Structure formats: structure tokens, C-alpha cells
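Please walk through the structure shown below, moving from single residues to the sheet and the side-chain pairs.

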Amino acid sequence: QVQLVESGGGLVQTGGSLRLSCAASGGRFNTYAMGWFRQAPGKESEIVAAVSRSGDITNYADSVKGRFTISRDNAKNTVYLQMNNLKPEDTAIYYCAASGATSYRATYIRSFEYDYWGQGTQVTVSS
């Protein structure tokens, strides 16, 4: 059983930056592909970014490409989401998720492919 705890959310102005962290415990972190999802009020959850077990393969939603960067530190059992040039439409609850993937260099973009979820952290971008 893997536990995921997100941190780093908050209130920021348009154009600002935030760095989200997700600390994992209770499992072998390097056996999980990781992803960040978000859900805005009244909208469905969507993938934001994903990273492979190897850490060198990433995938991003078109809406965040060039602004967000996902990374992982397997030694610290942590995955990060660096968010730059934030926009009001980035306002949402951001969730970290872990996929018990067998492929070392694959990323996963669908929520059903993930086995464990964090409790979420709120990101609010003011205009």
C-alpha cells in the first residue's frame, strides 16, 4: 500500500510560479510511474503531467506544455510539479497518483491506470 501526500499548493497571481511536491511512502517508489492530475470546480479530472519509472520519459497536457515540468527523485521518494507562468484556468485541486506499472519507460495518462492517489492540494491563480 502506497501513501501519497501532496504539498506546495496555494494562492498565486497570474504569471507566478508554484512547485508541488508529492512524497510517497509504504512502497518501492521506483516501481511506480507517477502522474499529476487536476480537477477544477464543475469539471472532470484531467491529466496534467506524467513521468515514467525511469524518470526520463515525460508527458504533458497540451494546456501546460512549456509551462509545467514534472520530475522525480527516486532517492527521496518524491515527485515534483514545477508550475510557471500560471494562469487563472490552472486553478484546481491537484492530485498526485502512482501507477504500479511494469514498463520502466512508459507514462500513463488515464486515471484508471493509476492505483494510488493523494488527498490533493489546492492551487488558486488570481487574475
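Q13 is found in strand β2 (residues 10-13); helices (H or I, at least four residues) and strands (E, at least two) are DSSP runs, numbered from the N terminus. The model is predicted, so local features need pLDDT of at least 70 and side-chain atom pairs count only at pLDDT 80 or more, while totals for chains, interfaces and linings use all residues. Residues are numbered from 1 along each chain as its sequence is written, and side-chain values use heavy atoms, with hydrogens and water left out.

At 61% relative accessibility, Q13 counts as exposed. On this scale, buried means under 20% relative accessible area, exposed over 50%, and partly exposed in between (1.4 Å probe, protein chains only). Leaving aside neighbours within four places in sequence, Q13 is in contact with L86, V125 and S126, where contact means heavy atoms within 4.5 Å. Q13 and P88 are 75 residues apart in sequence, yet their C-alpha atoms are 8.3 Å apart in space.

A contrasting case is S52, in the loop between β5 (46-51) and β6 (58-60). S52 has a relative accessible area of 0% and is buried. Not counting residues up to four places away in sequence, S52 touches A33, I57, R72, Y104, R105, A106 and T107.

Next comes the sheet. Strands of a sheet pair through backbone hydrogen bonds, either parallel or antiparallel. Here four strands form an open sheet in the order β1-β3-β8-β7, with antiparallel pairing; two strands pair if DSSP finds at least two bridges between them. β1 (3-7) and β7 (68-73) stand at the edges with a single partner strand each, so one side of each is left without a neighbour in the sheet. From one strand to the next, the twist averages 15 degrees; axes are lines fitted to C-alpha atoms, and angles run from 0 to 180 degrees between N-to-C directions. β1 pairs with strand β3 (residues 18-25) in the antiparallel sense over five bridges, and the bridge partner of Q3 in β3 is S25.

Two loop residues have backbone angles to note. Most residues other than glycine have a negative phi. N77, in the loop between β7 and β8 (78-83), has a positive phi of about 55 degrees although it is not a glycine. N77 is partly exposed, with a relative accessible area of 27%. N85 lies in the loop between β8 and β9 (92-99), and its phi is near 50 degrees, again a positive value in a residue other than glycine. N85 is also partly exposed, at 44% relative accessibility.

A search of the whole structure finds four aromatic pairs. Rings of Phe, Tyr and Trp (its six-membered ring) pair if their centres lie within 6.5 Å; planes under 30 degrees apart count as stacked, over 60 as edge-to-face and the rest as tilted. F37 and W117 form a tilted pair, 4.9 Å centre to centre with 55 degrees between the planes. F37 lies in strand β4 (residues 33-39) and W117 in strand β10 (residues 116-117), so the pair ties together parts that are 80 residues apart in sequence. F37 is buried at 2% relative accessibility, whereas W117 is partly exposed at 36%. F37, Y114 and W117 form one aromatic cluster.

Charges also sit over rings, which requires NZ of Lys or CZ of Arg within 6 Å of the ring centre and within 35 degrees of the ring normal. R19 lies over the face of Y80, at 4.0 Å from the ring centre. The charged end of R72 sits over the ring of F29, 4.4 Å from its centre.
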